[in-house]
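Here are my notes on this one, for someone opening it without any background. Have the structure on screen as you read, and take the points in order.

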Amino acid sequence: MGPLIVTEDPVLLDDLLRLCAAAGARPLVLATLPERRGEWEAAPLVLVGDDAAARTERAPRRPGVLLVGRNQGEPAVWQWAVRIGAEHVLRLPDAEAWLVDRIADVVEGAGRSARTVGVVGGRGGAGASTLACALAVTAAAGGSRTVLVDADPLGGGLDVLLGGEQAEGLRWPAFARSRGRMARRALEEALPELHGLRLLSWDRSDTAEVPPQAVRAVLGAARRGGGTVVVDLPRRAGGEVAEALAQLDLALLVVPAELRAVAAARRMAAVLAPEVRDLRVAVRPAGTPGAPGGGLAPDAVAALLGLDLAGVVPYDPAAVEAQETGTPPGSGPRGPLARFCRELWGRVASPGPVPEGEAEARGREEPVRRGDLFRAALGDAWAPAPGGAAA
């Protein structure tokens with residue numbers, strides 16, 4: 001179901017229809033309030049032209065009402081916005097990009113961002129890619145819409161680790177020219193599907209990076225609509241890495257419990273900490289086959305790094321053997337690695353609703369918010385409630 005447009009202004013209507021077409025939406029267009037009972041309330045988004053504000057004043061209050069026009073500087077417009085309960089006042093063409101995003105969210109059913117976790121090794125060979133795959137596989141097995149993103153072009157390809165190097169679908173080089181907003185469904189349908197998840201990995205070409213704008217567009221699309229996104233991060237800095245880090249809810253630094261690994265991880269933590277909201281350490285205990293000795297306790301590793309402990313990643317011999325046959329890590333539900341991943345997901349809550357300012361933070365003009373509407377409409381009489389914020 002598309003948005004409801006209420007206007008008799010032919011120029012404004014042409015603009016709104018064009019923006020709906022750009023977002024892939026089919027709107028319902030009316031000159032005044034709907035005659036059918038419940039049609040106003042059922043619309044996922046209502047775009048009221050400034051010419052029609054007076055005709056919608058008696059409509060029931062509801063979220064998702066936007067007052068749209070071309071000359072929104074008049075005090076009367078702001079007063080009408082308050083009277084109809086509009087969330088935003090939009091001036092075209094300045095707010096076109098923001099409005100296209102909002103309409104597209106309606107089309108895609110976006111309301112929550114996916115919980116997004118990045119995994120990176122404190123040193124080479126720490127097992128970060130294995131953990132990233134196991135986290136994604138267990139999330140998908142639990143019924144979560146899951147996208148696994150291989151952000152490390154020098155890692156050999158997560159498609160190999162999942163036994164899907166021959167799977168049909170697009171890889172990173174195909175998205176190198178992506179900019180702006182990308183449709184979530186289009187992205188998912190283009191990616192290979194393996195073990196119940198969608199995978200974005202690298203092909204076998206010499207391409208070793210994609211522009212930061214492409215990373216922003218792809219990860220933004222992957223996160224819309226909820227579910228889970230897992231990102232296998234490279235152990236290096238760069239603009240494209242910074243774009244990935246900025247979209248994480250949690251970053252896991254995988255560190256073997258030995259002194260040399262901790263020393264290397266301290267430098268990695270110093271790079272990551274300013275860029276991510278929540279950085280924790282996942283410790284691989286000493287004694288894991290192939291790991292140097294050292295015998296540091298997991299709590300000691302966390303203390304040395306100054307990070308919270310996310311957990312102790314168990315050694316899973318069955319998972320190691322299964323990878324030789326293309327069986328993904330974490331796919332054995334009774335294995336210790338799968339149990340660790342399920343417990344970790346149980347502690348990582350899904351994020352809340354997508355912040356309304358997400359699009360504006362990318363440099364677009366921010367529409368006027370309801371608090372500003374009250375200030376404009378009521379002037380000196382306006383004041384927020386004590387100890388709280390205005391509407």
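1. Let's start with strand β12, residues 279–284. Five of its six residues are buried, so β12 is largely enclosed by the rest of the structure. Buried here means under 20% relative accessible area, exposed means over 50%, and partly exposed is in between (1.4 Å probe, protein chains only). Helices (H or I, at least four residues) and strands (E, at least two) are DSSP runs, numbered from the N terminus.

2. A word on what you're looking at: this is a predicted model, where local features need pLDDT of at least 70 and side-chain atom pairs count only at pLDDT 80 or more, while totals for chains, interfaces and linings use all residues. Residues are numbered from 1 along each chain as its sequence is written, and side-chain values use heavy atoms, with hydrogens and water left out.

3. Which strands does β12 pair with? One is β11 (residues 250–256), parallel to β12 over six bridges; another is β13 (residues 308–312), also parallel, with four bridges. Two strands count as paired if DSSP finds at least two bridges between them. If you want to find the spots, leucine 253 has valine 281 of β12 as its bridge partner, and valine 283 has valine 312 in β13.

4. How does the chain get from β11 to β12? It goes through helix α10 (residues 259–272), in a right-handed β-α-β crossover. Right-handed means that, with the strands pointing away from the viewer, the path from the first strand over the helix to the second runs clockwise.

5. Zooming out, the protein chain has 14 helices and 13 strands. Of its 391 residues, 48% are buried. Take the contacts (heavy atoms within 4.5 Å) between residues at least 6 apart in sequence: 72% of them join residues at least 24 apart. The chain exposes about 17900 Å², with carbon and sulfur atoms supplying 52% of that; the areas come from the Shrake-Rupley method with a 1.4 Å probe, and for residues only the protein chains shown count as cover.

6. Now the charged pairs. A salt bridge is a side-chain nitrogen of Lys or Arg within 4 Å of a carboxyl oxygen of Asp or Glu, and by that rule there are 19. Have a look at aspartate 15, which is buried at 10% relative accessible area. Its side chain meets that of arginine 18 at 3.3 Å, N to O; the two are three residues apart in helix α1 (residues 10–22), so about one helical turn separates them. Arginine 18 is partly exposed, at 40%.

7. Aspartate 15 also has a salt bridge to arginine 70, at 2.2 Å, N to O. Aspartate 15 sits in α1 and arginine 70 in the loop between β4 (65–69) and α3 (75–84), so the pair ties together parts that are 55 residues apart in sequence. Arginine 70 is partly exposed at 40%.

8. Aspartate 94 and arginine 91 form another salt bridge, at 2.7 Å, N to O. Both are partly exposed: aspartate 94 at 37% and arginine 91 at 35%. Separately, shared partners link Asp15, Arg18, Arg70 and Glu96 into one salt-bridge network.
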